[in-house]
Amino acid sequence: MSSFFNRFRRYRSNQTLRDLVQDVYLRPHDLICPIFIHDKANNEAIEAMPFSLRYSLNGLFHYCEELLSNNIKTIALFPVIDQEKKTLDCSAAYDPDGLIPKTIQALKLRFPSLMIIADVALDPFQPSGQDGLLSNDGQIDNDLTLPLLSKQALCYALAGADIIAPSDMMDGRIQSIRETLDDHKLINTLILSYSVKFSSHLYGPFRHAVDSARFLGTADKKTYQMDYRSRFQVFLEAKTDELEGADFLLVKPGLHYLDIIQSISSSQDRPVWSYHVSGECSMIYYAAKENVNSLDNLLLEALFAQKRSGANKIITYFALEAARLLK
Ligand code: PBG
């Protein structure tokens with residue numbers, strides 16, 4: 001007789017049993033697809049992000065059809081703005097005839113049930129590549145930025161965005177945006193706050209995709225994005241956004257910050273989402289290329305890790321690939 005009776009291998013002896021004891025699930029509608037759009041006639045490859053494209057309006061229509069038929073019902077739009085439209089006052093960010101509002105309107109006509117998340121931040125719209133306005137001494141001016149973010153959010157909400165997603169990390173922006181939306185009777189527009197956004201080295205491919213990298217140069221975003229060596233601020237950021245009126249809280253990056261997802265999802269009363277960012281997707285892409293394992297296997301393991309840590313939804317550039325695997 002053996003001296004132990006807890007045989008965990010009993011749970012694992014065949015596939016049916018392993019399915020029976022599964023308690024973490026991933027479904028296509030847990031996934032949100034981030035999409036880059038530009039003002040050109042054709043789709044364009046992104047050198048720094050071989051698993052994604054910059055979409056034309058026509059290309060976007062095709063892509064959304066494919067997403068919807070695979071049960072991906074929510075997308076997050078990110079604009080690529082022409083250099084000559086990047087101005088100090090960021091006027092392209094709140095132009096009702098701008099790329100994002102026009103695209104939202106066109107998408108809503110064509111796909112009324114498609115849920116659209118619109119990113120709110122100034123980085124694609126100004127020559128500095130920073131998310132906030134610069135004051136005369138070159139610092140990012142928090143309070144000067146708030147009215148612009150509210151204008152941008154209002155512009156997108158009026159165009160029909162379902163969810164407004166401030167990713168800029170200015171303080172007080174959720175309250176400012178919520179008040180602006182309420183003032184215009186946009187009471188049903190949801191706010192997804194990038195509450196816990198770290199100053200990460202994993203945003204590189206994204207910055208190339210939206211063409212902010214070359215403007216940003218060697219500058220960083222450490223005065224407003226969070227320091228990954230500090231934990232106490234995490235709870236404060238999430239709590240504050242919740243109190244200011246955020247409907248969803250986002251942790252970003254996702255895969256490197258599973259401990260943060262876990263603590264926020266157990267301490268806050270709002271759904272917590274994870275952003276599987278460009279650099280994290282690149283790691284999987286290049287690991288698969290170097291035969292570490294198949295992209296499919298690496299991807300599912302990464303997505304399940306985020307679900308297991310408590311992420312309610314995951315924003316990932318591999319949403320369509322994953323949805324196909326989950327069929
Ligand atoms: C900026 C923004 C960034 C991302 C989304 N919105 C980059 C940054 O903060 O510089 C990164 C997303 C990714 O890497 O996939 N508002």
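The structure is a predicted model, in which local features need pLDDT of at least 70, side-chain atom pairs count only at pLDDT 80 or more, and totals for chains, interfaces and linings use all residues. Residues are numbered from 1 along each chain as its sequence is written, and side-chain values use heavy atoms, with hydrogens and water left out.

Helix α4 takes in residues 142-159 (helices are DSSP runs of H or I with at least four residues, strands runs of E with at least two, numbered from the N terminus). From first C-alpha to last, its 18 residues reach 26 Å, close to the 26 Å expected (1.5 Å times one less than the number of residues). Most of α4 is covered, with 13 of its 18 residues buried (under 20% relative accessible area; exposed is over 50%, partly exposed in between, with a 1.4 Å probe and protein chains only). Where α4 starts, a side-chain oxygen of Asp141 comes to within 3.2 Å of the backbone nitrogen of Asp143. After the helix comes Gly160, with a positive phi near 115°.

Strand β5 (residues 115-120) has five of its six residues buried, so the rest of the structure largely encloses it. It runs parallel to β4 (residues 74-79), and four bridges join the two (strands pair if DSSP finds at least two bridges between them). Within β5, Ile117 is the bridge partner of Ala76.

On the surface, Phe8, Tyr11, Leu20 and Val21 make up a nonpolar patch with about 430 Å² of accessible area together (patch residues have over 30% relative accessible area and no salt bridge, with nonpolar side chains joined within 5 Å and like charges within 9 Å; areas come from the Shrake-Rupley method with a 1.4 Å probe; a salt bridge puts a side-chain nitrogen of Lys or Arg within 4 Å of a carboxyl oxygen of Asp or Glu). Phe8 sits in the segment before α1 (15-20) and is partly exposed, at 45% relative accessible area.

Note on methods. A polar contact is a pair of N or O atoms within 3.5 Å; within protein, one must be able to donate a hydrogen and the other to accept it, and residues adjacent in sequence count only if both atoms are side-chain atoms.
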